[in-house]
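Dear colleague,

Please find below the structure that I am handing over to you. I would be grateful if you could read the notes that follow alongside it.

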Amino acid sequence: MQASEIPAFVDEIIQAGCDICAVGHDAYVLGDVEEMVDAEIELQRIDEAYGDRDFLKLEIVAYLRSLGRYLDVGSTATHWIESPKPN
């Protein structure tokens, strides 16, 4: 995967039915377990299409945060929608 593919990757994860979001400034989750189970085949296809992305983790997190799709560690928010939106 290349950094330029991050927006398309995130969009495909969302289209697969997963509520991808950053957690803090150095991690992200594709969604909750039920979403990931329901989208298992599509997630496998996405993984094969984009390949290794571990080295882009911080860039993916930064992109998700720029979209407002994040939860900060220690926050009282229970869903990324409750997090403050970027300006």
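The notes below describe the helices, the core and a few individual residues.

Please bear in mind throughout that this is a predicted model.

I begin with helix α1, which spans residues 6-15 and has I6, F9, V10 and I13 as buried residues. Viewed down the axis of α1, these buried residues fall within an arc of 95°, so they line one face of the helix. After α1 comes G17, which has a positive phi near 100°.

The largest nonpolar core contains 19 residues, and those with the most contacts inside it are F9, I13, I20, Y28 and I60. Two or more residues are given to this core by each of α1, α3 and α4. The largest share comes from α1, with 4 residues. As for I13, its contacts beyond the neighbours within four places in sequence are C18, I20, L30, L43 and I46.

Next, the packing of α1 with α3. Which angle and which distance describe the packing of α1 and α3? The angle is about 170°, and the axes of α1 and α3 are 10 Å apart. Angles over 145 degrees count as roughly antiparallel, and α1 is therefore roughly antiparallel to α3. On the α1 side the contact is made by A8, F9, E12 and I13, and on the α3 side by L43, R45, I46 and Y50. By type, the residues of this contact are 6 nonpolar, no polar and 2 charged.

Helix α3 itself has L43, I46 and Y50 as buried residues. Around the axis of α3 they cover an arc of only 60°, which puts them on the same side of the helix. I41 and E48, on the other side of α3, are exposed. The buried residues of α3 are covered by elements including α1 and α2 (33-38). G51 follows α3 and has a positive phi, near 70°.

Y50, located in helix α3, has a relative accessible area of 9%; buried means under 20%, so Y50 is buried. Which residues does Y50 touch, not counting those up to four places away in sequence? They are M1, E5, A8, F9 and E12. Y50 and M1 are 49 residues apart along the chain, while their C-alpha atoms are separated by 4.9 Å.

I turn now to helix α4, where I60, V61, L64 and R65 are buried. The arc that they cover around the axis is only 135°, which puts them on the same side of α4. These buried residues of α4 pack against α1, β1 (21-23), β2 and β3 (70-71). Just after α4, G68 has a positive phi of about 85°.

G24 is in the loop between β1 and β2. Is G24 buried or exposed? Its relative accessibility is 7%, so G24 counts as buried. Leaving aside neighbours within four places in sequence, G24 has contacts with V61, R65, L71, D72 and V73. From G24 to A62 the separation is 38 residues in sequence and 9.8 Å in space, C-alpha to C-alpha.

S4, by contrast, is located in the segment before α1. With a relative accessibility of 60%, S4 counts as exposed, the threshold for that class being over 50%. The C-alpha atoms of S4 and G31 are separated by 22 Å, and the two residues are 27 residues apart along the chain.

With kind regards

Technical notes. Residues numbered from 1 in each chain as written. Predicted model: local features only at pLDDT ≥ 70, side-chain atom pairs only at ≥ 80, totals over all residues. Heavy atoms only, no water. Buried < 20%, exposed > 50% of the residue type's maximum accessible area, 1.4 Å probe, protein only. Arc of directions from axis to C-beta. Core = buried A, V, L, I, M, F, W, Y, C linked by side-chain atoms within 4.5 Å. Contact = heavy atoms within 4.5 Å. Axes fitted to C-alpha atoms, helices over the stretch in contact; angles between N-to-C directions. Parallel < 35°, antiparallel > 145°, perpendicular 65-115°, else oblique. Nonpolar A, V, L, I, M, F, W, Y, C, P; charged D, E, K, R; others polar.
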